[in-house]
Amino acid sequence: MSDNDPQTETDGSGPGIVAPDDEVPTWRERKERTTGLSRLTYEYFERARREDQDLRQESSYVERDVLGFPSWPHETVRNLAIGSVFIGMLLFLSATMPPHLGDPANPAETPEIILPDWYLYWSFGLLQLGPINPELTILGGEKIMSDELYGVLANAVVFGAIAVIPFLNKGGARRPVEQPFWSSVGVAGVTFAFTTSALAVDNLLPIDPNITFDLTFLLPLVAGAVSYAVLKTMREGYMYNLNQRYYRLRPPR
Amino acid sequence: MADEFVKGFAILTVGLLVWMMFASWFNTPSFYEAQLIGPGPEDPTTYEAIALIVKDAMLAFAIFGALTFWVIIPASRRAREYYATN
């Protein structure tokens, strides 16, 4: 054991974390490292990955269920960075764009177009389902409920479907290919949201309102069927088998 | 690859933000008509003319800058790799 042996310290500790004085880079040398940030990021995540790997190997668990990054600092720093970008964009636009002050609201005048905000168009479209409100023969061709109540109940049906779906499918799939049926159900639902939104503004569309009404229910079915066929086709092949092996780690069901 | 993406994305974002700022001042005659792409001022003063030039320059910078980092540089790298190996 010589004095130059780097593995041995007089206090019994291992190789020091603090570099010897003659190896500490000067500020000039630090500034000259132009690849600092990307290198630092790479080393940071590589070290985190290594620590994770070591923990797995030391652990008494055979395999951990969840693969992920800790919320502090990884997720928090990333979310702060993303949030800062959006806050900066908002501040920039609000500081530099000319402010718009619209005409004051006139309570004595009905606006030409009455519509809710765009994200509620789908619900507004559901209120226009009068043409499919059934006229029952046993009631002598009368409707069992008014078109307005029918539209409101349609909203309840949509909310009920959204509430029930988590109980039918727990969401164990990482990617749409793994569960083509439920993926296509999702595609059909999103398409239905768009088509009912279009139905809400059908008087502004350059399409015949009857065609719009039919498309409202046909397009979701078509989109769901097409996505089901595409996803079923994607289940076969080399890449799918490879991914199936690679993504063995998945959240608990 | 990821670095090139975020460079192009930063150029696109900054360029479009600055373009949007000038377009909202000079090409938005009213809230109820065409916004950001409306007709420019009839008789621009010197400062307005400068601002309009900067606005067009930022739009071109956003589009061509993003295209450069997303398409041209990766394509040229692929081409260089291809011709280096063959």
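Reply: What follows starts with the helix pair and then moves to its surroundings. Bear in mind that this is a predicted model.

Two packed helices are described by the angle between their axes and the distance between the axes. Here the pair is helix H6 (residues 180-200) and helix H7 (residues 209-234), both of chain A. Their axes come within 8 Å. They cross at roughly 155°. Angles over 145 degrees count as roughly antiparallel. H6(A) and H7(A) are therefore roughly antiparallel to each other. The crossing of H6(A) and H7(A) is right-handed. By class, the contact between these helices holds 16 nonpolar, nine polar and one charged residues.

Next, the annotation. An unreviewed UniProt entry marks residues 80-97, 149-169, 181-201 and 213-231 of chain A as "transmembrane region". Residues 213-231 of chain A are 100% helix and 0% strand. The end C-alpha atoms of residues 213-231 are 28 Å apart. Residues 149-169 of chain A are 95% helix and 0% strand. In residues 149-169, the end C-alpha atoms lie 31 Å apart.

Last, the partner chain. Eight residues of chain A are in contact with six residues of chain B. On the chain A side, the largest share comes from helix H3 (residues 71-96), with three residues. The chain A side divides into four nonpolar and four polar residues, with no charged ones.

Terms used:
Residues numbered from 1 in each chain as written. Chains lettered and ligands numbered in written order. Predicted model: local features only at pLDDT ≥ 70, side-chain atom pairs only at ≥ 80, totals over all residues. UniProt positions renumbered as here; feature names shortened; annotations may be inferred. Helix = DSSP H or I, 4+ residues; strand = E, 2+ residues; numbered from the N terminus. Contact = placed C-beta atoms within 7 Å. Nonpolar A, V, L, I, M, F, W, Y, C, P; charged D, E, K, R; others polar. Axes fitted to C-alpha atoms, helices over the stretch in contact; angles between N-to-C directions. Parallel < 35°, antiparallel > 145°, perpendicular 65-115°, else oblique. Left-handed = near helix turned anticlockwise from the far one by under 90°.
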